[in-house]
Amino acid sequence: MAASFHPKLSFPLFISTFLFFSLAQAGKISIYWGQNGNEGTLAETCATGNYDFVNLAFLATFGNGQTPMINLAGHCDPTVNGCTGLSSDINSCQAKGVKVMLSIGGAAGSYYLASTQDARQVATYLWDNFLGGKSSSRPLGNAVLDGIDFDIEGGTDQHWDDLARFLSAYSKRGKKVYLSAAPQCPFPDAWIGGALETGLFDYVWVQFYNNPPCQYSSGMTNLEQAWKQWGSIKAREIFLGLPAAQAAAGSGFIPAHVLTSEVLPAIKGSSKYGGVMLWDKYYDDQSGYSAAIKNNV
């Protein structure tokens, strides 16, 4: 007599195996918000359901004795305490499971760490004014951000490692302070390569744009080689950073169908693959890029 077949017994095993592999490959999308007043509110950004991280761009002035200043373009005016209302939006995002990071630096800021002590003072400022500390002048109100994103695009590779260590130490106070960074794709990054060697960064979204030697326009071989180099650093997850539309960057845009059919399959095998970072929300609104790639990330 032939052995009987019990499909019901094998079905749950199939489902759990399927879910395991689906979750293992499930990537996330990180977006930058804050540099265009026409990109919708922060709460609306998180309500799309497309993003797992929102980087508030930017704390553009800090360090070397300067008065720290946040710059959220047309969204609010920090000079008259006009950005404190963002607290409710931040809380709304976090309630949906979205991590909200304060991005420090940017392409047009005035920032520089003059010494280890300077780095300590900046870390204290960030903790008291944006994270779990207390200050009478919190620029974004009382909401507690999830962490700090390093978008360092100038100066020298000095004391960013100190800043990462001081910020990371605050995690011992009961709430994890996540650290992320947005280096350029040529490896190692000229400005925060040293900081990344600390192994303290949870998420690294590498800018594979405005960098012809390693971006897609120079061929998959160059992109894959750079991706493998980045996969060697001590970080929890590595993200592929891209422009959300052709107009969002000088070069490096990858059409959504090319990303999903050619690029993602080539990099998803990496154990540190975390997903895709997009610059930025305004351009994503114009192109619908995140919605087009979401199910493939």
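Cys76 and Cys83 form a disulfide, with sulfur atoms 2.1 Å apart; the term covers a pair of cysteine sulfur atoms within 2.5 Å. A search of the whole structure finds three disulfides. The structure also holds seven salt bridges, each a side-chain nitrogen of Lys or Arg within 4 Å of a carboxyl oxygen of Asp or Glu.

This is a predicted model, in which local features need pLDDT of at least 70 and side-chain atom pairs count only at pLDDT 80 or more, while totals for chains, interfaces and linings use all residues. Residues are numbered from 1 along each chain as its sequence is written, and side-chain values use heavy atoms, with hydrogens and water left out.

**Disulfides**

- The torsion about the S-S bond of Cys76 and Cys83 is about 100 degrees, so this disulfide is right-handed.
- Cys76 is buried at 13% relative accessible area. Cys83 is buried at 1%. Buried means under 20% relative accessible area, exposed over 50%, and partly exposed in between (1.4 Å probe, protein chains only).
- Cys46 and Cys93 form a disulfide with their sulfur atoms 2.0 Å apart. Cys46 sits in helix H2 (residues 42-47) and Cys93 in helix H3 (residues 86-95), so the link ties together parts 47 residues apart in sequence. Helices (H or I, at least four residues) and strands (E, at least two) are DSSP runs, numbered from the N terminus.
- Cys46 is buried at 3% relative accessible area, and Cys93 is buried at 0%.
- Cys185 is joined to Cys214 by a disulfide, S to S 2.1 Å. Cys185 lies in the loop between strand E7 (178-181) and helix H6 (193-196), and Cys214 in the loop between strand E8 (203-207) and helix H7 (220-230), so the pair ties together parts 29 residues apart in sequence.
- Counting bonded cysteines along the chain, the disulfide pattern is 1-4, 2-3, 5-6.

**Salt bridges**

- Asp285 pairs with Lys281 in a salt bridge, the closest N and O atoms being 2.9 Å apart. The two are four residues apart in helix H9 (residues 281-287), about one helical turn.
- Lys281 is buried at 4% relative accessible area. Asp285 is partly exposed at 37%.
- Salt bridges that share partners join Asp161, Asp162 and Arg165 into one network.
- Asp162 and Arg165 have their closest N and O atoms 3.5 Å apart. Both lie in helix H5 (residues 160-169).
- Arg236 forms a salt bridge with Asp202, closest N and O atoms 3.8 Å apart. Arg236 is partly exposed at 45% relative accessibility, whereas Asp202 is buried at 6%.
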